[in-house]
Amino acid sequence: MGYKTPEVIKSAIEAFKKQPGVGERSAMRNVLHVLKWNPAEIKTYADTIARLTELNVCRTCRTFCDTDQCSLCVDEERKNSKILCVVESFTDFLAIERSEKFKGLYFILGGVLNPLLGVGPNDLNFDLLKERINEEGIEHLILAINPSLEGEATCSYLKELLSPHCIVERIGFGVPLGGSLEYLDPQTISTALDNRTLMS
């Protein structure tokens, strides 16, 4: 009779495989690495992961926060700017915020239009975005959407939807076609924000 892997190890491997880009072997290496820790470290690690369930999503911008609104959305100086930057994801939001160039508000779409994957306007936060623009009197909208075919389609759709309500601009050059904001350095992002263009 051969070796029978303990069920708890099998379960841990399956859990690690849920991470993007992690296959069976990588998951096994991760589990074996964790098993080298002392019990207190493993418990702290597990408790930290479990606490992710306590996170809230900001009701205004859709980023993660501890309460019902994030610190930026309640910042009066930011609110008074009347400028809103629209991004695809939380990582894109972090990339722009780290550049320290933008001092307005944000809105996270949660993706881009992609008919091939069945992602249409009703699957994203377009209605919430339009509602926020009207309620807060947003005057200036910056679309910081990654330059892909899907990103271009999303920007065109948002321009048609929102241009009657505010000025709509697109993040400028400095972001290569197919590039992703989360991988760009702060200086490149600053340049892209400086060179944004009015959507025609």
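**Entry 1: Lys17 and its partner.** I started at Lys17, which is partly exposed with a relative accessible area of 29%. I keep in mind that this is a predicted model. I looked for a partner and found Glu14, whose side chain meets that of Lys17 in a salt bridge (3.2 Å, N to O). Glu14 also counts as partly exposed, at 43% relative accessibility.

**Entry 2: other salt bridges.** I then searched the whole structure, and the search gave 10 salt bridges. One of them joins the side chains of Arg132 and Glu136 (3.1 Å, N to O). Both residues sit in helix 6, 4 residues apart, about one turn of the helix. Are these two buried or partly exposed? I noted Arg132 as buried, with a relative accessible area of 4%, and Glu136 as partly exposed, at 24%.

Next I checked Glu152, which forms a salt bridge with Arg170, the closest N and O atoms being 3.1 Å apart. This pair links distant parts of the chain, with Glu152 in helix 7 and Arg170 in strand 6, 18 residues apart. Glu152 is partly exposed, at 35% relative accessible area. Arg170 has 10% relative accessibility, so I put it down as buried, the limit being under 20%. I also wrote down a network: Glu14, Lys17 and Glu24 are joined by salt bridges that share partners.

**Entry 3: helix 7.** I checked the length of helix 7 (residues 149–162): its 14 residues, at 1.5 Å a residue, should span 20 Å, and the end C-alpha atoms are 20 Å apart, which agrees. Which residues of helix 7 are buried? My list reads Gly151, Thr154, Cys155, Leu158, Lys159 and Leu162. They cover an arc of only 135° around the axis, so they lie on the same side of helix 7. Leu149 and Glu160 are exposed on the other side. For the cover over the buried residues I noted several elements, including strand 3 (83–87), helix 6 (126–136), strand 5 and strand 6 (167–170).

**Entry 4: Ala144.** I moved on to Ala144, in strand 5 (residues 140–144). Ala144 counts as buried, with 0% relative accessibility. Leaving aside neighbours within four places in sequence, I found Ala144 in contact with Cys85, Val86, Val87, Glu88, Ile96, Ile171 and Leu181. Lys43 is 101 residues from Ala144 in sequence and 39 Å away in space, C-alpha to C-alpha.

Entry 5: I picked out Leu55, in the loop between helix 3 (39–50) and strand 1 (56–57). Leu55 is partly exposed, at 36% relative accessible area.

Note on methods:
Residues numbered from 1 in each chain as written. Predicted model: local features only at pLDDT ≥ 70, side-chain atom pairs only at ≥ 80, totals over all residues. Heavy atoms only, no water. Helix = DSSP H or I, 4+ residues; strand = E, 2+ residues; numbered from the N terminus. Buried < 20%, exposed > 50% of the residue type's maximum accessible area, 1.4 Å probe, protein only. Contact = heavy atoms within 4.5 Å. Expected span 1.5 Å × (residues − 1). Arc of directions from axis to C-beta. Salt bridge = Lys/Arg side-chain N within 4 Å of Asp/Glu carboxyl O.
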